[in-house]
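Student: I am new to this model. Please show me how to read its main features.

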Amino acid sequence: MSRSAGDFYDYCVKTTSRRLAGRKVERFEKNITKRGAVPETTTKKGNDYPVGPIMLGFFVFVVIGSSLFQIIRTASSGGMA
């Protein structure tokens with residue numbers, strides 16, 4: 001029983017593709033076990049504000065200051081802007 005070059009080529013191709021398929025399945029199985037495992041560092045802790053206290057104070061100062069300025073200007077002009 002002698003094998004030809006074509007038989008050897010078919011044997012090598014099937015073995016290589018099986019090996020690659022096995023690697024793919026192994027990576028897929030590893031990935032499935034990792035699903036849903038989120039590290040705790042990405043979750044938020046505490047009640048942090050999205051802006052800092054200085055920025056919040058500046059915003060309040062601008063809003064209240066401009067409204068007070070408008071009230072004083074309206075009152076000093078006799079009620080008509």
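**Reading the chain**

Tutor: The chain has two helices and zero strands; helices (H or I, at least four residues) and strands (E, at least two) are DSSP runs, numbered from the N terminus. This is a predicted model: local features need pLDDT of at least 70, side-chain atom pairs count only at pLDDT 80 or more, and totals for chains, interfaces and linings use all residues. Residues are numbered from 1 along each chain as its sequence is written, and side-chain values use heavy atoms, with hydrogens and water left out.

Student: What percentage of the 81 residues is buried?

Tutor: Buried means under 20% relative accessible area, exposed over 50%, partly exposed in between (1.4 Å probe, protein chains only). Here, buried residues make up 0% of the 81 residues.

Student: Is F61 buried or exposed?

Tutor: F61 is exposed, because its relative accessible area is 61%. The residue lies in helix α2, residues 53-76.

Student: Which residues does the "transmembrane region" annotation cover?

Tutor: UniProt positions are given in the numbering used here, feature names are shortened, and annotations may be inferred rather than shown by experiment. In the unreviewed UniProt entry, the annotation covers residues 54-72. Over residues 54-72 the chain is 100% helix and 0% strand, with the end C-alpha atoms 26 Å apart.

Student: Where is K30 found?

Tutor: K30 belongs to helix α1, which spans residues 5-34.
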